[in-house]
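Here's a quick briefing to read with the structure open beside you. Have a look at the fold first, then work through the points below.

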Amino acid sequence: MLYHYTDFAAFDGIIRCAELRLNNILNMNDTSEMRLFMNGICKAVVGRLSADGETEKVYRTESFFQKELMEEFHYSAYAACFSKFRDDASQWERYGHSGQGVCIAFHEDLLQKMVGGPISLQEVYYQEDMREHPLVDAFYNLIKNSSDFDSNLPALQSLINDAWVQSAAFKHPSFCSEREFRLVVSPFIFNEFAVEPKYHVSMERIKKYYPLELNRMCGKLNMHLSDLVGEIIIGPTSQQSPAILQDYLTDCGLHILKDRISLSSCPLRRPTT
């Protein structure tokens, strides 16, 4: 199972509206999102060029990456996040509305079958050292063997696009306890991504997101949304009535999920007011 911790407002969007929102990774709680990977690749390539005494190419490489990082919003990936951990205290606190929310368990194998093309299901890696990543060799060989940096800009841009796409699968090691998986799309590179963005307007700000239509995606595999959901866990500090949740599921046409409701056993302390 992959566990999606959220609040009941987002739960309603997933269950009643059959819509899973992919949100901008740059707005998530790891402030180094995407940049961690890009900086790691740059550092590794520069390190190899420096060892070769390629001072001019070191300078040009650093300038190239710095310029790309200034355009990070253009390269933003959008994702829905899951954990491999069931009923986990840190997940409840960070993503489950301080334990007052809900957790939806999705069958990982079915999610994997549903995605494809521009949408991928990625396991997250927690590392800063990118020296062993294949893209380091690709960047290094292209720059090292080029007599004219500018003439290779199209090839470098192709590599940088690939790097931005892969950057969504890397986070700072301090988040390793999350054991995260992500449904990810990078709209900047996938022209065939037909989903139009939407905007959520709150009192504080406007957020851009991409909606995935779960009923349509399930239908392509002759599945129902209820096949995708294995369990619904009410948060450890939630005041949600299981009986009302059962009525809600029935009225949403998902009565089969009534018997998949459970209560968290996590002894998380209720937030003080």
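Predicted model: local features only at pLDDT ≥ 70, side-chain atom pairs only at ≥ 80, totals over all residues.

Residues are numbered from 1 along each chain as its sequence is written, and side-chain values use heavy atoms, with hydrogens and water left out.

**Helix 2**

- Helices and strands here are DSSP runs numbered from the N terminus (H or I, at least four residues, for helices; E, at least two, for strands).
- Helix 2 covers residues 35-51, which makes 17 residues. Its first and last C-alpha atoms are 24 Å apart, close to the expected 24 Å; that expected span is 1.5 Å times one less than the number of residues.
- Buried means under 20% relative accessible area, exposed means over 50%, and partly exposed is in between (1.4 Å probe, protein chains only). Among the buried residues of helix 2 are Leu36, Phe37, Ile41, Val45 and Leu49.
- The cover over those buried residues includes helix 3 (55-69), helix 6 (134-144), helix 7 (153-167) and strand 7 (170-171).
- Just past the end of helix 2, glycine 53 has a positive phi of about 75 degrees.

**Strand 2 and its partners**

- Two strands count as paired if DSSP finds at least two bridges between them.
- Strand 2 (residues 19-24) runs antiparallel to strand 10 (residues 206-213), and five bridges join them.

**Nonpolar cores**

- A nonpolar core is a set of buried Ala, Val, Leu, Ile, Met, Phe, Trp, Tyr and Cys residues joined through side-chain atoms within 4.5 Å.
- The largest one has 39 residues, and Leu111 and Leu183 have the most contacts inside it.
- A second, separate core of 37 residues includes Phe65, Ala79, Tyr140 and Phe170.

**Salt bridges**

- The whole structure has 17 salt bridges, each being a side-chain nitrogen of Lys or Arg within 4 Å of a carboxyl oxygen of Asp or Glu.
- Glutamate 19 pairs up with arginine 21, with 3.7 Å between the closest N and O atoms. Glutamate 19 counts as buried at 17% relative accessibility, whereas arginine 21 is partly exposed at 35%.
- Lysine 171 and glutamate 33 form another salt bridge, at 4.0 Å from N to O. This pair links distant parts of the chain, 138 residues apart: lysine 171 sits in strand 7 and glutamate 33 in the loop between strand 2 and helix 2. Both lysine 171 and glutamate 33 are buried.
- Lysine 84 and glutamate 108 meet at 2.9 Å, N to O. They are 24 residues apart, with lysine 84 in the loop between strand 3 and helix 4 (89-95) and glutamate 108 in helix 5 (residues 108-114). Lysine 84 is partly exposed at 22%, and glutamate 108 is partly exposed at 25%.
- Shared partners tie Glu33, Arg94, Lys171, Glu178, Glu180 and Arg182 into one salt-bridge network.

**Cysteines**

- The disulfide count is zero, using a cut-off of two cysteine sulfur atoms within 2.5 Å.
- Cysteine 103 is buried at 0%. Its closest cysteine sulfur is in cysteine 266, 11 Å away, so that is too far for a bond.
- Cysteine 176 is partly exposed at 47%. The closest cysteine sulfur to cysteine 176 belongs to cysteine 81, and at 16 Å it is too far for a bond.

- Serine 186 is in the loop between strand 8 (180-185) and strand 9 (198-201), and is buried with a relative accessible area of 2%.
- Not counting residues up to four places away in sequence, serine 186 touches Ser76, Ala77, Pro118 and Val165; contact means heavy atoms within 4.5 Å.
- Aspartate 30 is in the loop between strand 2 and helix 2, and is buried at 3%.
- Leaving aside neighbours within four places in sequence, aspartate 30 contacts Lys171, His172 and Phe175. Aspartate 30 and phenylalanine 175 are 145 residues apart in sequence, with their C-alpha atoms 8.1 Å apart in space.
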